[in-house]
Amino acid sequence: MDQQKFLELLQSIQIPDTNRVKAATTELRKTYYPHPQSLLWLLHILTSHDVPELRQQAAVEAQRLIPKHWSSLPADQKPAIREKLLESTLSEEKPLVRHSAARVIASIAGNDLEDGEWESLPGLLHQAATSKQVAHREIGIFILFSLLETAGDAFEDKLPGLFSLFSNTIKDPESAEVRINTMLCLSRVAMLIQPDEDPENLARFVEIFPGMVGVLKSSVDEQNEERVMQAFEVFQTLLGCESALLNKHFKDLLTFMINLAADTDIPDESRSQALSFLMQCARYRKMKIQAIRDMGETLTLKSMQIATEIDDEEDDDDVTPHKSALGLLDLLATSLPPRQVVVPLLAALPQYVNSEQPKYRQAGILALGMCVEGAPDFIATQLDTLMPIVLKLLNDPEIGVRNAALNGVARLADDLAEELCKHHAELIPALLKNLDSASVQAANAADQEKNLDILKASCSALDSVTEGVDKATIVGYIPELVPRLGRLLGHTDLNVKASAAGAMGSIAGSAMDAFLPYFETTMKALSEYVTLKESTEELDLRGTVCDSMGSMATAVGAKAFQPYVQPLMQASEEALHLGHPRLRETSYILWSTLAKVYQEEFTPFLDGVVKGLMESLEQEESDIEVELGEEAKDILGQEVIIAGKKVKVASATDAPDDLDEMGDDDDDDDWDDLTAVTAVALEKEVAVEVLGDVLSNTRQHFMPYFEKTVETTVGLVEHSYEGVRKAAIGTLWRSYACLFGLMEDHTGEKWTPGLPLKSQPSEEVLKLGEVVSIATLSVWDDEVDRAVVTDINRNVSATLKLCGPAILTQDKFAESMTTTMGAIISKAHPCQQDMGDDDDHEGLDDEESSEYDWLVIDTALDVIIGVSKALGSQFSEVWKIYQKPVMKYASSQTNYERSTAVGVIAECTKNMGAGVAPFTEVLLKLLLHRLSDEDPETKSNAAYAIGLLIFHSTNSAAYLPSFNTILSKLEPLLQTRRARTLDNACGCVSRMIMAHQDKVPVDDILPVMVDLLPLTEDYEENTPIFDCIAGLYSQQNSSIIELTPKLLPIFTSVLSDPVEQLDIPTRAKVIATVKFIAEKNPSLIQGNETLMNCVRG
């Protein structure tokens, strides 16, 4: 090999000529780099050449080759190389070259120290780091950082010496670079500390920590953007380490960060970084924040203040403190209990919404909107108080405030649709007023832009609000809404068209067949957008229109929508090949909707649908390496999570396995790939979920594709993106339920509760059960994502209720499920812990959970209900495991925890029947207490539970002495205006009468109960009520016979629509009762067509 030619090729890479660079790079990689001699030459150039650019290039190339060739170099040459390299690096004047050379040293040392060589290096670095020359200290510490990155394990026994060094360098009086490099070193040292095993080094880290905060503060004060970024990244890194490292100073650190974020005298970038750090704390250290008195409130109130810095002129993509503060509020509401975030926010809200400053009014309503998703149940209880504020801001004189209010309404409606519907009479006219005000042409371009924003926001608010409005209500608004939105479908702005199309779909979805008079006209207006494909904006509109048409298909039904199915399916299949991920997802969702509407009639489309979904799921997802410049050196070699996909950012030390095939792709292409990986992961999540929808609705017609579907889905269960894991496991459970249902249809046998199984499932069902249970158990007990665990709980619960105990016979499934449920309801599951936290949170066990955290417990409790349904009376043995924690929740300080736990007791009592007898006394004591609960929902559930306990328990000696007490506590419930409470109280009384008629004052209580019928909400309680009434008629009870004139209209009502009012056996009993009355006194039903039809038929 020619050394001179080698040098010339390196020099060619420096010339700004793409073809010459490519040619030189190719020749170097093919002719020179496969040989160890090339590494020697590179190191010689790095240590001796007079052109800094060439030294820099040599350092980068050498770092690539060290892992491959360093061990092959002659041992007698290495000492001189090491000495020369260290000497030249310490004297290097160019910072970029100096840092690259430092990484070369670290790379060599990483190999050497492992082999017991270059043992003098740590001492030499200590000497450099304590030198009187600033430059030597700077590079000494940086080499040490690079070495800690590369071979940190080699320093595990040297930590005391490092702390001694760093305690001085963190306060270096002359060099900010020494201080920041010390911080970088400490971030690596933190990863080596195991607090439980190494309390001395933990104490040393805790002692030095305030100095690290000082470095961040001075970097911010000096407004050195690069150092500020590095310092924040160190703190982000520490969040991923053992929590004990931060515990002592955590409160002070949070206070420092929120004060930094609120300081308007420092650069916005630094403030946004501080808020970003706090967001990560809310996500990964929520238990710690919750345990610090008033910290949630402090973070909330300061975030609200920062949110007032809103700028209506800023770009949507700009990262600003006010946007970051709103993002922090969102996370705080999701992560912490309502009393720590939402309560202080609502207390502060009046001073914001009543302020004379428009930005305060905007910030107030935006802050409220950000918190709804995290605490919907609590905010629902405050909605009556909040609505006057919302309506006032919707009519605000400032257009920016109205825009914020419209966004706030959309967020409220997304999570509180049913509750918000009660305020439709004031809300919808206010939304229409905003829509109308913005529909006129403005005087100038700036005002017209604001009008467009109001149009889009009004449509979005209507979209969310109307989706939650019931049919009877929406019908009255259709003449007002549809013409206005229809006109907007012809608007020149594509985003306005899309917003109007979305709102039209929601209106149709709520109106159902009442939308039919507008259906043809609307479909004609929308149809022209289904084939748009000239621009990204057009494709966005096309996607929204397809979503809207799907809603209309659900609304008008299969027959009316039939003419549009074929062209829409063709357009959706074409959309898969237009290079627009969102549009592909829209196609999948459309297929899901049409499968639900047409069910088995969807079969002709299955070939194309399954093919499209499988192609999506089989897309390649490789770990991508992206090579970055020196500016991003602090994330080199790390994995970045993008939409759940781990993407490794390659450093110059990451040598390719095959040097002959080292590519020279542009960085831009690599970043495009990053985006594609994100899109692929998100697309797979939708595709696998839709696959579950399609198979569930086409059932036996899906069987040709069933095996391949299960095989593909199993491969996604441990996907790196949590959304895919969640959807894949859900689809597996749905496939099991589908196959089980088909088996029952074929055999004509329905499952019965209890083990051993009364009838054995088919071989196919057993095999699929094995696959599904193994896949679930591989994730369930150690999954860290709450949403995944919550969804698994939902699927298991639903399957147990639908398919019974068969799945419990799978190997280790019941045992593992019991352990996992125990962990969740005791708040000890990995998804309920802070990152890097093995601390005992016993002190927080009795604390209120955030509503989002409660969901995982709530769904675990639902699994327990599912087990009780599957096992029937045998569940009494299992109840012994869960009784104590469930009863603990039933005595919680938090309303929704009490009401849920009491509901669980009720459902388990119902399912285990007489098996509840041994627990009668202890349950009755609790339920009697809850029957006087301050929370209406808990009180209602207690009435339901007591009725079931009395009806099913054979231990009458335990409950009969309390009959009068129960009746006295039920009396005020029978006088409430809350429908569900009335329903459950009536159900309880009915069960008490059926269990012990002689112990209930039937003559007094029946007229009261009959006056409350028919039930309007909880139709399930019609079963005990009409069972009781039918039984009294069969006894020819005089009290019930006297009430016949009052009961006949009630019978008429429950035998009419909606049919869901009565289950089939109860309907038969009511009809038998009507016939009994007709036989005794035919004149009573004369002229009542509904009742006469019952008698005839």
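User: How is the model numbered, and what limits apply to its values?

Analyst: Residues are numbered from 1 along each chain as its sequence is written. Because the model is predicted, local features need pLDDT of at least 70 and side-chain atom pairs count only at pLDDT 80 or more, while totals for chains, interfaces and linings use all residues; side-chain values use heavy atoms, without hydrogens and water.

User: What are the domains, and where do their bounds come from?

Analyst: The bounds come from an automatic or database domain assignment. That assignment gives domain 1 (1-118), domain 2 (130-234) and domain 3 (995-1096). The C-alpha centres of domain 1 and domain 3 lie 93 Å apart.

User: Why are C371 and C421 called buried?

Analyst: Buried means under 20% relative accessible area, exposed means over 50%, and partly exposed lies in between (1.4 Å probe, protein chains only). C371 has a relative accessible area of 1%, so C371 is buried. C421 has a value of 9% and is therefore buried.

User: What makes the contact between R188 and E149 a salt bridge?

Analyst: A salt bridge is a side-chain nitrogen of Lys or Arg within 4 Å of a carboxyl oxygen of Asp or Glu. For R188 and E149 the N to O distance is 3.8 Å, and the pair meets in a salt bridge. R188 lies in helix α10 (residues 176-192) and E149 in helix α8 (residues 134-151), so the pair ties together parts that are 39 residues apart in sequence. Helices are DSSP runs (H or I, at least four residues), numbered from the N terminus.

User: Are R188 and E149 buried or partly exposed?

Analyst: R188 has 15% relative accessibility and therefore counts as buried. E149 has a relative accessible area of 22%, so E149 is partly exposed.

User: Which helices does the salt bridge between E683 and R584 tie together?

Analyst: The closest N and O atoms of E683 and R584 are 2.8 Å apart. E683 lies in helix α35 (residues 667-698) and R584 in helix α33 (residues 581-598), so the pair links parts that are 99 residues apart in sequence. Both E683 and R584 are buried. The structure holds 46 salt bridges.

User: How do you know that R402 has no salt bridge?

Analyst: Lys and Arg count as positive and Asp and Glu as negative, whereas His and the chain ends are not counted. The nearest side chain of opposite charge to R402 is D396, at 6.1 Å, and R402 is buried yet has no salt bridge. R402 is found in helix α23 (residues 399-415).

User: What does R402 touch?

Analyst: Contact means heavy atoms within 4.5 Å. Not counting residues up to four places away in sequence, R402 touches L393, L394, N395, D396, P397, N434, S437 and I454. The side chain of R402 reaches the backbone oxygen of P397 at 3.4 Å.

Note on methods: Helices (H or I, at least four residues) and strands (E, at least two) are DSSP runs, numbered from the N terminus. A polar contact is a pair of N or O atoms within 3.5 Å; within protein, one must be able to donate a hydrogen and the other to accept it, and residues adjacent in sequence count only if both atoms are side-chain atoms.
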